[in-house]
Amino acid sequence: MDSSDFTGLAASSNQVNFTHLKDAKLDTLLNQSNDLSGQARYDKLAEADKQLVQNMDYVPLYQPAQANLISKKVGGLKYSLIQDAQYQYAYWK
């Protein structure tokens, strides 16, 4: 997943731009980010995000959540940054 998944929704050419937002500066920033990679792409997308928030065109309300069953009989279970269970550390108590 990339931040362009969310900021790209506000592009004036996007078919799911149901707000009908038209922001030439935002479109330019998003188009420029498509030609970049790595830190340069991240920086350009961060600039596009600031443009969205500054104009109050969008309110960032994305809140991920995940439920996990936990047993007192299992120890050492760890989760990665993307919340994937790392079972190689788990053991029965």
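Predicted model: local features only at pLDDT ≥ 70, side-chain atom pairs only at ≥ 80, totals over all residues.
Student: Why are α2 and α3 called roughly antiparallel?

Tutor: Take the angle. The axes of α2 (residues 24-34) and α3 (residues 38-54) cross at roughly 165°. Angles over 145 degrees count as roughly antiparallel. Therefore α2 and α3 are roughly antiparallel to each other.

Student: Within what distance do the two axes come?

Tutor: The axes of α2 and α3 come within 9 Å. The crossing of α2 past α3 is left-handed.

Student: Which residues of α2 and α3 meet?

Tutor: From α2, K25, L26, L29, L30, Q32, S33 and N34. From α3, R41, K44, L45, E47, A48, Q51 and L52. By class, this contact has six nonpolar, four polar and four charged residues.

Student: What makes S33 buried rather than exposed?

Tutor: Its relative accessible area. For S33 the value is 1%. Buried means under 20%. S33 is therefore buried.

Student: Where does S33 lie, and what does S33 touch?

Tutor: S33 lies in helix α2. Leaving out residues up to four places away in sequence, S33 touches R41, K44 and L45. As for V16, 17 residues from S33 along the chain, the two C-alpha atoms are separated by 20 Å.

Student: Which residues form the largest nonpolar core?

Tutor: The largest nonpolar core has nine residues: A10, A11, L21, L26, L29, L30, L45, A48 and L52. The elements giving two or more residues to this core are α2 and α3. In soluble globular proteins, nonpolar side chains tend to be buried together.

Methods: Residues numbered from 1 in each chain as written. Heavy atoms only, no water. Axes fitted to C-alpha atoms, helices over the stretch in contact; angles between N-to-C directions. Helix = DSSP H or I, 4+ residues; strand = E, 2+ residues; numbered from the N terminus. Parallel < 35°, antiparallel > 145°, perpendicular 65-115°, else oblique. Left-handed = near helix turned anticlockwise from the far one by under 90°. Contact = heavy atoms within 4.5 Å. Nonpolar A, V, L, I, M, F, W, Y, C, P; charged D, E, K, R; others polar. Core = buried A, V, L, I, M, F, W, Y, C linked by side-chain atoms within 4.5 Å. Buried < 20%, exposed > 50% of the residue type's maximum accessible area, 1.4 Å probe, protein only.
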